[in-house]
Amino acid sequence: MLWSLIKILAFVAAVTGLTYGAVMVSDMEGSLVLTFAGIKATLSPLQVVFALLAMVVGLWVVFKLVAFLAALFRFLNGDETAISRYFTRNRERKGFEALSDGLMALASGEGHLALTKAAKAERYLQRPELTNLLIAQAAEQVGDRAKAEATYKKLLEDDKTRFVGIRGIMKQKLSEGDKEKALKLAEKAFELKPKHEETQDILLKLQAEKGDWSAARSTLGAKLKSGSLPRDVHKRRDAVLALSEAREVIGDETTSIAAREAAIEANKLSPDLIPAAVMAARAYIEAANPKNAARVITKAWKAQPHPDLARVFAEIAPDETPQERLKRFKTLAKLAPENPETKLVLAELNVAAEDFPEARRELGSLAQDDPTTRSLSLMAAIERGSGASDQVVRAWLAKAVTASRGPQWICDKCNHIHTEWQPVCDHCSAFDTLSWKRPPQGETAIPSSTEMLPLIVGAPEMASSEDEIVVAGDTLLSDQEK
C-alpha cells in the first residue's frame, strides 16, 4: 500500500512539474526562425520544445525501422528466425531485467517485490526453469508456504530442475518437523546428486536420528569417496555408527555374536572411542577372553582415562579381593599417573582395601584444588575410615551436594549435558558431538549414588538425588559404627 501511495505521489509531482514547465516556456519571449530551401518557419519557445521531442521520437522510430529492415533482409536471405528474433529480443531484455531486479529484491529481503518481478520475468521470458526458483524462494520469504511448495513441485517436472525442487520441498518438510517425508526426499536427492555435500549431511543426520545405522554408514562412505570428509573424521564417525549399530542388538540372544563383532569392529575403527572400548571389552569378557578385554581397556585408558573404563576393567576379575584388584589396577594407573581420574580410581580402591592413609595420599589435593562430587565423597570416606568425627564426615558430604560433577558427556554444539554417551544429541539432534569434558562454569548437578560411593566397590541403582546423598552419608557413618 505504501508503494502504491508513493507511485501516485510521484505521478502527481511529474504532472505538476510538466505543467509548470509548459507555462514557463509559453511565457518566454522570442522565437526561433528556421530557413530551409527558401522556406522560412518561425517557432515559439513551446513549439521548439515539441519539435525537439518529435525529433527524438522520430530518430527512435528510424533506428527501429532500420533494425527491422535489417532483420527482413536477413530473412529474405535464408535466415528463417531473423524476424522472430527481432521481436523477441526486446521481450528477453525486459524479462532478464525483471529477473535481475527480482534477484536483487530477494537478496535485499523484499519478498513481495521479488514476487512481482518474477511474475513479470515469467511473462516476458516464458522460461519457468529460471523464474520458478525465484518465485518459490520469494514466496518462502513472505511466508507463503503453499505457493512455495506448489512452485517447487513444478520444478520436479523438468529433469534439469528436479533436484532443486526436491531440495526445496525437503527443506520445507524439515522446517515443518516432518522428518519422515524429509528423509525420503533426502534419499531421492542423494540418488540424483550423490556428491552434493549438503544433501549428504542432511541425509546422514536424518538416518542417524532414525537409528538406521547401516544406511548412515553407506552415506558416510559416500562422503569419504566424494572428498567432503577427511579420512580421520570418517574413521571416527564410522566407529560411532558401528557402535550404535551394536548397542541396538545387545540383549537379543539371536544376535549376540553379531553384537560382539560390531562392538569389536567399532573399537578397532576408533580405539579411543570410550563407549566402543567398553562394549568391546565386555564382548571379550563374555567370550571368556580377559586378555583381549584388558588390552582394549589399556589402549583406551592411555588415550583418555574414564570411569566407565575402570568399571569394565574391574569386571574382568569380579571375584578378586580388594588387594588383588588394587595390584592389577596399578598397571593401568601407570599409563596416566597424573590424570585426576587415575588418582580418583586409586583412592577408591584403597578405600575398598581399607588402606585409608594410602587413599589420602593417592587422592592428594584433588578435594581442595579440584573439588568434585567424587573427590569430596571420597574424602568423607577417608575421614570416616581414619576415625574422624561424624561432624567432619558430614561436612565433606555437605560440600559434595553442590559440588561440580566434574567431566560429563556434553554436546559440543549446544552444551547440553547427557547422563550417558549417545551418538545423537537429545537436545539439538547433532551427530557425534558428545565429548567427555567439564560443563560450563556455573553448571551444577545433584550427584547420583554412583558418584557418592566408591566407583570400583560397586554402587546401588540410581535413586532420587537428595535421598542418595543422605543414604550415602549414613552408609559411610554406619559402616564405621558397626
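Helices (H or I, at least four residues) and strands (E, at least two) are DSSP runs, numbered from the N terminus. This is a predicted model, in which local features need pLDDT of at least 70, side-chain atom pairs count only at pLDDT 80 or more, and totals for chains, interfaces and linings use all residues. Residues are numbered from 1 along each chain as its sequence is written, and side-chain values use heavy atoms, with hydrogens and water left out.

**View A. Helix α20 is largely enclosed by the rest of the structure.** Of its 13 residues, 12 are buried (under 20% relative accessible area; exposed is over 50% and partly exposed is in between, with a 1.4 Å probe and protein chains only). Among the buried residues of α20 are Thr373, Leu376, Met379, Ile382 and Glu383. Just after α20, Gly387 has a positive phi of about 95°.

**View B. Arg374 is a buried residue of helix α20.** Its relative accessibility is 11%. Arg374 and Glu341 are 33 residues apart along the chain, and their C-alpha atoms are separated by 9.9 Å.

**View C. Arg91, Lys94, Lys120 and Arg123 form a positive surface patch.** Patches are made of residues with over 30% relative accessible area and no salt bridge, like charges being joined within 9 Å and nonpolar side chains (Val, Leu, Ile, Met, Phe, Trp, Tyr) within 5 Å. A salt bridge is a side-chain nitrogen of Lys or Arg within 4 Å of a carboxyl oxygen of Asp or Glu. Helices α3 (82-107) and α4 (111-125) each give two or more residues to the positive patch. Arg91 belongs to α3 and is partly exposed, at 37% relative accessible area.

**View D. Ile8, Phe11, Val12 and Val15 form a nonpolar surface patch.** Together these residues have about 390 Å² of accessible area, calculated by the Shrake-Rupley method with a 1.4 Å probe. Val12 is in helix α1 (residues 2-26) and is partly exposed, at 45% relative accessibility.

**View E. Asn415 and Asp432 are loop residues.** Most residues other than glycine have a negative phi. Asn415, between β3 (408-411) and β4 (417-418), has a positive phi near 65° and is partly exposed at 39% relative accessibility. Asp432, between β4 and β5 (434-437), has a positive phi of about 55° and is buried, with a relative accessible area of 14%.

Terms used. Lys, Arg positive; Asp, Glu negative; His and termini not counted. Charge placed at Lys NZ, Arg CZ, Asp CG, Glu CD.
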